[in-house]
Amino acid sequence: MESYVERPPLPELAGVVRTVWIQRTADAVYVQRHLPTGGVEIHFPIGGHPQLVGPLTRPEVEVIPARTTIVGVRFHPGGAPRLPTTLDDLVDQRLRLAELWGRPVDRLVETMALAGTPERALMVLQGYLLHEFRSVVRVDPLVGEAVKTLMPWHPVNIDALAGHLALSPSQLRRRCLQTVGVSPKVLQRTLRFQGFLALAQAGATASGVRGADGMAGLAVDVGYADQAHLSRECLRLSGLTPRQLLGGDLDRCACGHEHSASYQPFLARRSATPLLL
C-alpha cells in the first residue's frame with residue numbers, strides 16, 4: 001500500500017531542514033508531483049542512487065517505480081548542505097548525490113541499506129547531515145534573515161528589505177542566487193504559494209476579509225490580490241488549478257498525503273509581528 005509519512009527533523013537540524021519523510025510505493029508505479037518550495041531536497045531510495053533536487057521554479061513530475069522506499073530531506077531556503085557549486089547552477093535540476101559529494105556517498109548508501117528499517121535509515125541520514133553542518137557548512141545569516149522576512153502573511157518590499165539588511169538590492173539578489181538559487185522576488189512568490197498550501201492543509205479559516213471567504217479568503221490572507229491571482233500562480237507553480245491540486249477540498253491535497261510537519265514552520269510565523277519595511 002502506498003504511503004507517505006512526514007515528520008519534523010532532529011531538533012539540531014531544525015534551523016536548516018524543514019521536514020523529513022519516508023515514502024513507500026505499492027505494487028504499481030507512483031506519479032509524484034514535486035512543487036517549488038524555495039529549498040533543495042535529498043531523495044534517497046533505499047538500495048538505490050540518492051539524488052539532490054535543486055531549487056524548483058516549476059513543477060516536476062517523477063514516476064517512482066513500484067515497491068520502492070525513499071527517505072527524503074527538504075531543506076529551508078538558504079539551508080542547503082555542502083555542495084561544490086552555487087545553487088543558481090542547480091535550479092530545476094536533479095543530480096546524483098555522488099556527483100556532488102563523491103566517495104562518502106557510497107559509504108552512506110551502504111550504511112543506510114544495512115540500517116534494517118527506513119526509520120533507522122532516515123536517522124542515519126540525519127546523523128550524517130548533522131555532522132556535515134557542524135563541521136563544514138556555513139549558513140549565510142543575512143540570507144537567513146531575508147528568508148524569514150519574505151515568509152508570507154505580511155507584504156515586504158524587496159528594496160526596503162535590502163536596506164534593512166544593510167545591503168544594496170543587487171547585493172541581496174546576488175547572495176540569494178548563490179545560497180538559495182533564485183532571486184528574492186522569485187523566493188517571495190514561492191513562499192507565498194507555500195503559505196497558501198499550509199493554510200489549506202491545516203484546514204485554516206479565512207481571517208474574515210470582507211467579501212472573501214473559503215479559498216478566496218485564504219488567498220487574500222496569504223497576500224494574493226484575489227482568487228484569480230492565486231489561480232494564476234498555482235497554475236504556474238504546480239501546473240494545476242487550486243481545485244485540481246487540492247482535490248476540491250481545503251483540508252488536504254489531492255495526493256492524499258498529510259503534510260503538517262512540512263507546513264508547520266509557515267503556520268508558526270503567521271502571527272509573528274511584521275517588520276515595518
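Okay, let's start inside: the second largest cavity here has a volume of about 40 Å³. This is a predicted model, where local features need pLDDT of at least 70, side-chain atom pairs count only at pLDDT 80 or more, and totals for chains, interfaces and linings use all residues. Residues are numbered from 1 along each chain as its sequence is written, and side-chain values use heavy atoms, with hydrogens and water left out.

By cavity I mean a set of points, on a 1 Å grid over the protein atoms alone, where a 1.4 Å probe fits but cannot get out; a pocket is an open set with protein on both sides within 12 Å along at least five of seven lines, and lining residues have an atom within 4 Å of a point. Volume is the space filled by probe spheres set on the points, with grid points joined across faces, edges and corners.

So what lines that second largest cavity? You get G38, P55, L56, V182, V186, L187 and T190. By class, that's 5 nonpolar, 2 polar and no charged residues. For the classes, Ala, Val, Leu, Ile, Met, Phe, Trp, Tyr, Cys and Pro count as nonpolar, Asp, Glu, Lys and Arg as charged, and the others, Gly among them, as polar.

The structure holds 2 cavities of 30 Å³ or more. The largest cavity comes in at about 50 Å³, and its lining is H34, L35, P36, T37, G39, E41, V53, G54, P55 and L56. That splits into 5 nonpolar, 4 polar and 1 charged. If you're looking at the model, notice P55 and L56: they line the largest cavity, and they turn up in the lining of the second largest cavity too.

On to the open spaces. The second largest pocket has a volume of about 310 Å³. Of its 19 lining residues, G15, H76, G144, V147 and K148 are the closest to the centre. Helices α4 (141–149) and α11 (260–268) each supply at least two lining residues, and α4 gives the most, with 5. The lining divides into 10 nonpolar, 5 polar and 4 charged. Helices (H or I, at least four residues) and strands (E, at least two) are DSSP runs, numbered from the N terminus.

Now aromatics. A search of the whole structure finds 3 aromatic pairs (Phe, Tyr and Trp rings, the six-membered one for Trp, with centres within 6.5 Å; planes under 30 degrees apart are stacked, over 60 edge-to-face, the rest tilted). One of them is W101 with Y128: the ring centres are 5.4 Å apart and the planes sit at 35°, so the pair is tilted. This pair links distant parts of the chain, with W101 in helix α1 (residues 97–101) and Y128 in helix α3 (residues 118–135), 27 residues apart. Both W101 and Y128 are buried, where buried means under 20% relative accessible area, exposed over 50%, and partly exposed in between (1.4 Å probe, protein chains only).

Most residues other than glycine have a negative phi. R67, though, has phi near 55°; R67 is in the loop between β6 (60–64) and β7 (69–75), and is exposed at 62% relative accessible area. Then there's A166, with a positive phi of about 60°, in the loop between α5 (158–164) and α6 (169–179). A166 is exposed as well, at 67%.

How many disulfides does the structure hold? The count is 0, taking a disulfide as a pair of cysteine sulfur atoms within 2.5 Å. C176 is buried at 1% relative accessibility, and C234 is buried at 0%.
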